[in-house]
Number of protein chains: 2
Amino acid sequence: MNAPAPRQRPDPETVARVVTALEARFGARVATGLSQREQHASTLTWVPNQPPDAVVFAESTEEVQAIVRICAEHRMPVIAFGTGSSLEGHVNAPYGGISIDLSGMNRVRAVHAEDLDCVVEAGTTRKTLNAHLRDQGLFFPIDPGADASLGGMAATRASGTNAVRYGTMRDCVLALTAVMPDGAIVRTGSRARKSSAGYDLTRLLVGSEGTLGIITELTLRLSGIPEAISAGICPFPSIGAACDATIVTIQSGLPIARIELLDEVQVRACNAYAKLSLPETPLLLVEFHGSDASVREQAESFGEIAAEQGGGPFTWATQAEERSRLWQARHDAYWAAMSLRPGAKAISTDVCVPISRLAECVEASKADIAESGLVAPIVGHVGDGNFHCLLLVDPEAPDEVARGNALIDRLVRRALAMDGTCSGEHGIGQKKIRFMAEEHGPGALALMRALKQTLDPHAIMNPGKVLEA
Amino acid sequence: MNAPAPRQRPDPETVARVVTALEARFGARVATGLSQREQHASTLTWVPNQPPDAVVFAESTEEVQAIVRICAEHRMPVIAFGTGSSLEGHVNAPYGGISIDLSGMNRVRAVHAEDLDCVVEAGTTRKTLNAHLRDQGLFFPIDPGADASLGGMAATRASGTNAVRYGTMRDCVLALTAVMPDGAIVRTGSRARKSSAGYDLTRLLVGSEGTLGIITELTLRLSGIPEAISAGICPFPSIGAACDATIVTIQSGLPIARIELLDEVQVRACNAYAKLSLPETPLLLVEFHGSDASVREQAESFGEIAAEQGGGPFTWATQAEERSRLWQARHDAYWAAMSLRPGAKAISTDVCVPISRLAECVEASKADIAESGLVAPIVGHVGDGNFHCLLLVDPEAPDEVARGNALIDRLVRRALAMDGTCSGEHGIGQKKIRFMAEEHGPGALALMRALKQTLDPHAIMNPGKVLEA
């Protein structure tokens, strides 16, 4: 149960040998130019770009296996790459190595409409899948915002706006195929909805961020496109009132599909950005899925709950255009926030707490942001107790970066003190490794390290992520 | 990545030393009489009763730790015991060892009504928990039939009649405390609804059947007691028609809470047992949870779907008494089946397949049962594609036992050929180890063995279960 040995970058001769071996098999699908390499390292964070030594564009599980075998032979790091939309430095290559670009593995292999499942290659993005499914009245519900690859979403245990109703990648992956660090191809799970047959290898790989194996194929649970959708928007006098309305909504069993909080900083940004005239108070944006009668009933029930908590007026609509108009503030949130401070880099961080502590956590964090002199609107998937701070920081100003990191430290410690987690959906990557011991304690952390050591004894899989910097 | 060494029973001197050490600490809470020991081995199967060397009644996580430490020191097997309602020989002690009875650990430590979660000791049974919760308008939805301990339910990844709506133990365990094979106390997860912070240790322990660690405490997701419940019963001309109605119901997004199939053999048994006069055809029993309006709408929609598939008449009710009357056949199913063949032992086995294959799987299995000359009614949680055969066999007749085992072999292989699983909810225990390689393939099985070897290198945790006979 030892931690992996201290890591060094492979020496130039090893890199050359690996690249030569890869080129012999993959020809022009091996890229070594700096711009391609930099593109495949993380650019969505304020950690420095750390490019891999080469990028290989894989087209099948067997090709991923061949690449991993070559890398394993030379103890070369291997980093899986989907679309590069991860937020915590997941695809950075601090120890060099080979980035395996899976975007060419984007085939929908099968759709089983009666079983509400499908089989996709890991590079398939969620929008590609949903376009493929639409004609059959089906959709894949998990929506993290970005048009991420489904393999990447599984690897980071992604969720997003409608996890409150449909669950997260933890819940929606029925089975998967992965290439393990020794090159073995493993298939976990089956198409059965549930199973009690042995250890849950699927859930072990989901959320492992490419550090235990590379997911190459997924069997995903789908949902039927609801007969009716209604969406609405409701202002509240305070964060506390909005959170209380959320708690009562969830407690009453209302099967709400989305319930999103925007704080007044975010609302102001949306008003300015999109020339809206929303009341500049905390807002809840909600969405209901069901039959015509059911979405009407749900909207009415929510309106009553909101009014009891001092919220309102609650405006809702069932027509697609009108729904989009109501939700425009949410759709624009990222760009609107960016426009608060042109030239700054937006760093999205997230935590998740028990919903009873959410108002307290958000309000303390807002006070903390104000004291820090930073600009950081808050948007939350509040039905799950999950929220994001979008920190707008000048990455060239070391003092601001330091204040931003210190703010994240305090945010995470606040969430942990409330029996929450340092990340509800973004994952650990490079940037949250520093919180792992604090969140999990020495026993659970030792267990995670033992699993890593067993499955990846030479630590070639996405080194510098999740457990060890 | 080696398999554990061939196992032998501990020699009598070791047993005596361990018992002495346990008695020094636990006094009269150590039981060595045969009847207590036999009670703590499995009696619900046709595998022979294999009693442990002693039973210790533990009252806290720290006591479980102390017991495990003593056993670890002497390489003594340790078997966790909740209520003994598992179905695949899970609590049998083929290599002797110490049974840790957790039934005294039955405190509900906390209920967080706003967060819809609670913290319980592992020996708490689901009925005890539900009695505790009722006043607060909450319930724990997972219902495997027996009043099992929640720790046992987590360890076997149990589910039951309303998993189709509320999920299984995989979904409802937010966090847990476990004593690992070296005596370390590990806490996994948090009270956050979702997390992307590292490997999913919670899901690794859920379903591990006490072979990786002993679960001593659980944080469970709860649900609000629905405002209204309606229940109904509907006969169908064939298994196929009943399954098609189930598929359309699920596909249409109807949030059905329970949907249970009884085959005509089971219905005949219920009629005879409880003097009912149900039509002796396949039946679906359904239950809907929601608001008054919603359960009415759901029942009406289901009635239409059933009629389209040739089913009916569909009878439903919302009053508790009337609901119970409609569902009486389901509640009596086990005892009614037993009465088909007095003196026989009823062995409940289960498989789970993609729902599109369910009718085919059930019908082929019914033909197989008929050819085998065995009596075996079928009851299914058909919304999940999961069904049970209740084999009524004379355990003293070796030929019958052999035919029963052969039938289970064919049933499982049929399910696996349909991309299903050898167990939807009962688990592997002793009796389904023989299917593990076939279901998972060599890669995944090697991975499971590697995990077992890493976490339990001396194979003291519930040996003879899940992976190695």
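How many salt bridges are counted between chain A and chain B? The count is 8, a salt bridge being a side-chain nitrogen of Lys or Arg within 4 Å of a carboxyl oxygen of Asp or Glu.

This is a predicted model, in which local features need pLDDT of at least 70 and side-chain atom pairs count only at pLDDT 80 or more, whereas totals for chains, interfaces and linings use all residues. Residues are numbered from 1 along each chain as its sequence is written, chains are lettered from A and ligands numbered from 1 in the order in which they are written, and side-chain values use heavy atoms, with hydrogens and water left out.

**Stop 1: the interface.** Select Lys194(B) and Asp384(A), which form a salt bridge with their closest N and O atoms 3.5 Å apart. Next, display the whole contact (heavy atoms within 4.5 Å); 75 residues from chain A and 75 residues from chain B take part. About 6,300 Å² is buried between the two chains, 56% of it from carbon and sulfur atoms; buried area is the accessible area (1.4 Å probe) that two parts lose on being put together, summed over both. On chain A, select Lys194(A), Ser196(A) and Tyr199(A), which lose the most area to chain B, together 15% of what that side buries.

**Stop 2: the sheet of chain A.** Helices (H or I, at least four residues) and strands (E, at least two) are DSSP runs, numbered from the N terminus. Select the open sheet of 7 strands, whose order is S15-S12-S14-S13-S17-S18-S16 with antiparallel pairing; two strands pair if DSSP finds at least two bridges between them. Strands S15 (315-317) and S16 (345-352) of chain A each have a single partner strand, so one side of each is left without a neighbour in the sheet. From one strand to the next, the twist averages 15°. Within chain A, S13 (residues 258-262) and S17 (residues 378-381) pair in the antiparallel sense over 3 bridges, and Glu260(A) has His381(A) as its bridge partner in S17(A).

Axes are lines fitted to C-alpha atoms, for helices over the stretch in contact, and angles run from 0 to 180 degrees between N-to-C directions.

**Stop 3: within chain B.** The whole structure holds 68 salt bridges over all chains. Select Glu63(B) and Arg29(B), whose closest N and O atoms are 2.7 Å apart in a salt bridge. Glu63(B) lies in helix H3 (residues 61-73) and Arg29(B) in the loop between helix H1 (12-26) and strand S1 (30-31) of chain B, so the pair ties together parts 34 residues apart in sequence.
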